[in-house]
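Student: Could we go through this model together, taking its pocket, its core and its aromatic rings in turn?

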Amino acid sequence: MNLQDERGPADAVEARWQRMPLTWQLMLDRADSKTMGQGVLALIEAASKEPGLRRLYPFTSHWTLWFSSRTSPPFNVDVPAVEPLADGRFRVRGPRMTNVIGETDTAEAAIALVVAQIPPD
């Protein structure tokens with residue numbers, strides 16, 4: 001990761017997208033409860049297919065997938081975050097987590113809600 005950071009933000013973002021599914025798969029393989037981990041992994045996989053999100057730095061915190069225009073803290077979050085729910089569904093929240101944008105049955109539908117909220121700039 002440090003080598004990627006030295007090359008610039010675009011390389012750091014790409015390295016993160018490549019590493020996240022592997023990290024979450026390892027966590028899932030070791031987990032006693034799999035529902036939340038499977039949900040996060042499904043979100044990462046769905047988000048990785050969206051060019052608008054691939055430009056942003058993905059990170060997770062408290063089972064929630066976030067997207068930042070910065071590659072290091074403090075992160076700059078201007079698009080919604082998405083979280084798996086214990087029942088297998090997904091919740092999309094505004095960037096500050098203060099409002100619920102929607103709940104969906106699939107990771108792909110949740111990511112589509114996030115993509116619809118990406119600011120034009």
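**Pocket, core and rings**

Student: How many nonpolar, polar and charged residues are in the lining of the largest pocket?

Tutor: This is a predicted model, in which local features need pLDDT of at least 70 and side-chain atom pairs count only at pLDDT 80 or more, while totals for chains, interfaces and linings use all residues. Residues are numbered from 1 along each chain as its sequence is written, and side-chain values use heavy atoms, with hydrogens and water left out. A pocket is, on a 1 Å grid over the protein atoms alone, an open set of points where a 1.4 Å probe fits, with protein on both sides within 12 Å along at least five of seven lines, and its lining residues have an atom within 4 Å of a point. Among the lining residues are Arg 55, Phe 67, Asp 78 and Ile 118, and by class, with Ala, Val, Leu, Ile, Met, Phe, Trp, Tyr, Cys and Pro as nonpolar, Asp, Glu, Lys and Arg as charged and the others as polar, the lining has five nonpolar, three polar and three charged residues.

Student: Why does the ring pair of Trp 24 and Trp 63 count as tilted?

Tutor: Rings of Phe, Tyr and Trp (its six-membered ring) pair if their centres lie within 6.5 Å, and planes under 30 degrees apart count as stacked, over 60 as edge-to-face and the rest as tilted. By this rule there are five aromatic pairs. In the pair of Trp 24 and Trp 63 the centres are 5.6 Å apart and the planes stand at 55°, so the pair is tilted.

Student: Is Phe 59 buried or exposed?

Tutor: Phe 59 forms a stacked pair with Phe 75, at 4.1 Å centre to centre and 15° between the planes. Phe 59 has a relative accessible area of 11%, and therefore it is buried.

Technical notes
Buried < 20%, exposed > 50% of the residue type's maximum accessible area, 1.4 Å probe, protein only.
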